[in-house]
Amino acid sequence: MRVLIVSDIHANLAALEAVIEDAAGRYDGVWCLGDTVGYGPEPDACVARVRAMAALTVIGNHDWAALGRMDVEDFNPEARRAVVWTRDHLSAESLAWLSELPSEPTQHERYTLTHASPRDPVWEYVLYPGVATENFGHFTTAFCLVGHTHVPALHILVDGETKARPMQPTFGQPMQLKPGWRGILNPGSVGQPRDNDRRAAYALLDTEAAIWEPRRVDYNVEVTQKRMRDAGLPERLINRLAFGW
Ligand SMILES: [Fe+2]
């Protein structure tokens, strides 16, 4: 099966629509790695899209926060304002759907899906080889798909080695995941990239052939920024979209 992998949409509908258009005809199903809402101006519309198209979705820390399941004091002031705004702009139906999403890693064939890390599904950031290496003991499939960092990444544990290797994703180039490899794979963020590239990030995965293709697509950032400004969301969150940070 060819799967469109999306993560950290963060209520950015313009970015999500650009991804769907770019990926059109290249996938048979959709998996979502969480943080569908939070930060952006269209949480309800993004939930509706993901709900309609994704066969598998896990919960992210911002979804969790929107449900009121955690103390928003753990967020910085701008993120906190956005959480409260998001909570007020989700329908009862969307909140009910978010509340049903799994918070534990979800396994599908050779792949485990989780928002943050297999060891700590909602909070841990897998940014560096040391953390990645420690996490290989916390899932049993060959590959684990994560989001949360908003940075596209591949951490590969080659058979016989003890430390994960970071591999640079090359956008638009399919990459063969080799037999004997295990990996923690991050498609990056659709709606708020943090790798100094403002384009929406996502990945395509051929589950049987084990081919991972990281991709980027430009979208109209100004449209999302205007919608955020109209909604009264914090200026710093609006500005960062232009820089991919
Ligand atoms: Fe996120």
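## A buried aspartate

D35 has a relative accessible area of 1% and is therefore buried; buried denotes under 20% relative accessible area, exposed over 50%, and partly exposed the range in between, using a 1.4 Å probe and protein chains only. D35 lies in the loop between β2 and α2, and its phi is near 55°, a positive value in a residue other than glycine. Helices (H or I, at least four residues) and strands (E, at least two) are DSSP runs numbered from the N terminus.

The model is predicted: local features need pLDDT of at least 70, side-chain atom pairs count only at pLDDT 80 or more, and totals for chains, interfaces and linings use all residues. Residues are numbered from 1 along each chain as its sequence is written, and side-chain values use heavy atoms, with hydrogens and water left out.

D8, in the loop between β1 (2-6) and α1 (13-23), and D35, in the loop between β2 (29-32) and α2 (43-53), are 27 residues apart and link distant parts of the chain. D8 also has a positive phi, near 50°, in a residue other than glycine. D8 counts as buried because its relative accessibility is 0%.

## Helix α2 and the cysteines

In α2, residues P43, C46, V47 and V50 are buried. They cover an arc of only 100° around the axis, so they are on the same side of α2; the arc is that of the directions from the helix axis to the C-beta atoms. The buried residues of α2 pack against α1, β2, β3 (54-57), α4 (77-88) and α5 (92-99), where contact means heavy atoms within 4.5 Å.

The structure holds 0 disulfides, a disulfide being a pair of cysteine sulfur atoms within 2.5 Å. The closest cysteine sulfur to that of C32 is in C46, 9.8 Å away, which is too far for a bond. C32 is buried, with a relative accessible area of 0%, and C46 likewise counts as buried at 0% relative accessibility.

## Strand β12 and its partners

Strand β12 (residues 211-217) has 6 of its 7 residues buried, so the strand is largely enclosed by the rest of the structure. Strand β11 (residues 200-206) pairs with β12 in the antiparallel sense over 7 bridges; two strands pair if DSSP finds at least two bridges between them. Y202 stands opposite R215 in β12. The two strands β11 and β12 form a hairpin with 4 residues between them, and A210 in the turn has a positive phi of about 55°.

Strand β9 (residues 175-176) also pairs with β12 in the antiparallel sense, over 2 bridges. Here M175 stands opposite W212 in β12.
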